[in-house]
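Here are some friendly notes to read alongside the model. Take them one at a time, and keep the picture open as you go.

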Number of protein chains: 2
Amino acid sequence: MTPSSGHPATVVIDVPEQSLYGTGNLPYGVFSPLGGAPRAGVRIGDWVLDLAVLLDDDVFTEPTLNAFMAQGHQRWAEVRTRIQQAVAGPVPGKAVHAHEAVRMHLPFAVADYVDFYASEHHARNVGRIFRPTAEPLLPNWRRLPIGYHGRAGTVIVSGTGITRPRGQRKEPAADQPTYGDSHRLDIEAEVGFVVGTGSSLGVPVPSTDFSQHVFGVVLVNDWSARDIQAWEYMPLGPFLGKSFATSVSPWIVPLQALEAARVPGVAQDPQPLPYLREEQPWGLDIQMSITWNGHEVSRPPYRTMYWSPSQMLAHMTANGARLRTGDLYASGTVSGPDVAERGSFIELTWNGSEPVQVGRQTRRFLEDGDEVVITATAPGCGGNRVGFGEVRGRVGRSVCGSFSL
Amino acid sequence: MTPSSGHPATVVIDVPEQSLYGTGNLPYGVFSPLGGAPRAGVRIGDWVLDLAVLLDDDVFTEPTLNAFMAQGHQRWAEVRTRIQQAVAGPVPGKAVHAHEAVRMHLPFAVADYVDFYASEHHARNVGRIFRPTAEPLLPNWRRLPIGYHGRAGTVIVSGTGITRPRGQRKEPAADQPTYGDSHRLDIEAEVGFVVGTGSSLGVPVPSTDFSQHVFGVVLVNDWSARDIQAWEYMPLGPFLGKSFATSVSPWIVPLQALEAARVPGVAQDPQPLPYLREEQPWGLDIQMSITWNGHEVSRPPYRTMYWSPSQMLAHMTANGARLRTGDLYASGTVSGPDVAERGSFIELTWNGSEPVQVGRQTRRFLEDGDEVVITATAPGCGGNRVGFGEVRGRVGRSVCGSFSL
């Protein structure tokens, strides 16, 4: 059926069997219908359901999901069940919007944003590129999930234009740095974890509490200006090379939708310290895809990550740092062992020395007008797959403050 | 006069001539009277004035200053003038609270927190301690203000207890890291700049727009666990060594109160790139003091900082990163050229190798029960000095999640 513009009193939602957005997924987002204010929705098939209408609950009229996320994991489970029950029968016509007719917004107000470095393949590639004669992994890498804080204020929703960043950079052969457009603009395909309920200052969160705190999962493109980053990062880490934009997918896939995607974790050697140890080490079988101007250039497999999502959470709070509703922590670039599984272009093109074919053109780094889309799916219940919302971004240039392509 | 508990209809505020909180200062904070809700106040002498009552304006009933700060610098100037006019005559008795009778809160909701590294003396000391045989300043240090993002969610107000952080650290001689209490807990005395009005994504903020965006100045203690930091920071910078707590003073001193504190900036060589160049390089003559268990151990002079507050702002946004109301950026440790001007204990004790005298005891790093207070003053108008609220913190230990000394 097609809900008509006349809002029939009730409609029955019909979802194709192979849909990535079946009743086993039900990701949350914030949308606005034409001319309307942002409000919470859930995606099912090609439809977006207005949760405030569907469930008659004012928390879903907020312009972010934060208030709902703060209600805790029992409430999340309860709402999920209520949605599943509601869509099994007829739903109010005015709760139903066509996905292509709504505008998606950043689904949550980002509190703190932390970016990890949890792929061994990525860390080894980067180590080999920058320190070709040395051991690629630093001594701390297998002992703890390396991470750092990023800029929460420039986390943006998929579809927002990416202004090519300017900054200070120095060519290795040059005497002096210069300021100007980044010439080595890159992506990092990552998976992000959205914190729903916070924790107390001074009290570490054990890895076993993961599902009590983490509300769901998004895809992340951590845009990176490699020339700016290379010049600035010693000794305090990445700053302006990353802080201009971090894109996230508009749909937060609930943890419950990913139960069938849980897989055994990769072997960890040496054994982690007790605060990072898990009884059942686990990972997530999220299969990512990166397209560059419409051509798929890589398929990063999240199941190959070294550090697990719950280990990252335990580490991030091991010093007593508190969590807040809206904290986002991302995995770092997802790279698998194969060339066609690398999650950044600096790896795919080996620092620009091995251009890749993008349709009929070749590329080293991003050019103006280029568009990158990251998508992913994971095993769902009943043999169906669960889809993540895409992360799309097109690179433009700022002219006197206005964005142009 | 002393406003009595009976709230006389009007009272005249009498401020001693030498007060650090005269009408040339008027810092903003958020306070709660006994049993009352947090609301905006201004400090004058030993009194806190309730701004919502004094100015009959609802924006000051908010539990943070963010809504007021977002109104922009013309409004800030107008409110300051109105306060100065109001306190020149009798004010409503119910607007007046004794400073010692109110509780102070975090004055603003922190959006992003950035920490710089703008003192050359500090950077050289740290370089000499960690790389004794190499050139202490890295090649990028004089080219750009090095900085990184910290954890906004653990910025806390003065007086909040500091739970000794636990974490992973490795002694240089040890084979393996261990997890436990930090044994090298340190402070960093800094000056912080609070952003009032935001900016647009993709548009750098020039250094000349500093006073349009920055609302005021606080003192910062960037507590640092040196053992955790040393093991984790390669290659992505400080993370858990810093993210457990960052204390700020409860009073935001407005920029206008610091006009007499502006001094010429220190000479910069090489000349900065145009985006960091200033027609009139400037600094702030803020004289800081650090006491350890009541004994003054250092007097860091902010006027010796290499990079200026407006250069840090211009750099932070040079890549197009936007500002938001509530952004906090701190200077990094303020250290002067003399030993007794060093702003961290790792410098004062030369990495623990030269213990300092703290009253009748000696200290290398912070012990449980130790208390650190950072204060500062600056030249004000008419020969008076302007005081900053103190940043106080006492180190305790977490026992099953409860704080104890």
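How many residues does the contact take from chain B and from chain A? Chain B gives 59 residues and chain A gives 59 residues, where contact means heavy atoms within 4.5 Å.

Before the points, a word on conventions. This is a predicted model, in which local features need pLDDT of at least 70 and side-chain atom pairs count only at pLDDT 80 or more, while totals for chains, interfaces and linings use all residues. Residues are numbered from 1 along each chain as its sequence is written, chains are lettered from A and ligands numbered from 1 in the order in which they are written, and side-chain values use heavy atoms, with hydrogens and water left out.

1. **The area between the chains.** Chain B and chain A bury about 5,600 Å² between them, and carbon and sulfur atoms give 60% of that area. Buried area is the accessible area (1.4 Å probe) that two parts lose on being put together, summed over both.

2. You can look for A:Arg151 with B:Asp327, a salt bridge whose closest N and O atoms are 3.0 Å apart. Chain B and chain A also have 28 residue pairs in polar contact (both at pLDDT 80 or more). A polar contact is a pair of N or O atoms within 3.5 Å; within protein, one must be able to donate a hydrogen and the other to accept it, and residues adjacent in sequence count only if both atoms are side-chain atoms.

3. **What chain B brings.** Among the elements of chain B that give two or more residues to the side touching chain A are strand E9 (147–150), helix H6 (226–232) and helix H7 (309–316). Helices (H or I, at least four residues) and strands (E, at least two) are DSSP runs, numbered from the N terminus. E9(B) supplies the largest share of this side, four residues. By class, the side of chain B that touches chain A has 33 nonpolar, 17 polar and nine charged residues.

4. **The symmetry.** Chain B superposes on chain A by a rotation of 180° with 0.0 Å of shift along its axis (RMSD 0.0 Å). That is the relation of a two-fold axis. Of the residues of chain B, B:Gly237 comes closest to the rotation axis, with its C-alpha at 2.1 Å. The same surface serves both copies, as 100% of the contact residues of chain B recur in chain A.

5. **Two domains in chain A.** The domain assignment gives domain 1 (10–105) and domain 2 (113–404) of chain A, with C-alpha centres 28 Å apart. In chain A, 28 residues of domain 1 are in contact with 27 residues of domain 2. These two domains of chain A bury about 2,000 Å² between them, 67% of it on carbon and sulfur atoms. Between them the count of salt bridges is zero, whereas five residue pairs are in polar contact.

6. **Backbone details to check.** Most residues other than glycine have a negative phi, and most peptide bonds are trans. A cis peptide bond, with omega about 5°, joins A:Asp269 and A:Pro270. A:Pro270 sits in the loop between strand E20 (262–264) and strand E21 (282–284) of chain A. B:Leu26, a residue other than glycine, has a positive phi near 55°.

Definitions and conventions: A salt bridge is a side-chain nitrogen of Lys or Arg within 4 Å of a carboxyl oxygen of Asp or Glu. Ala, Val, Leu, Ile, Met, Phe, Trp, Tyr, Cys and Pro count as nonpolar, Asp, Glu, Lys and Arg as charged, and the others, Gly among them, as polar. Copies are superposed by least squares on the C-alpha atoms of residues with pLDDT of at least 70 in both. Domain bounds come from an automatic or database domain assignment.
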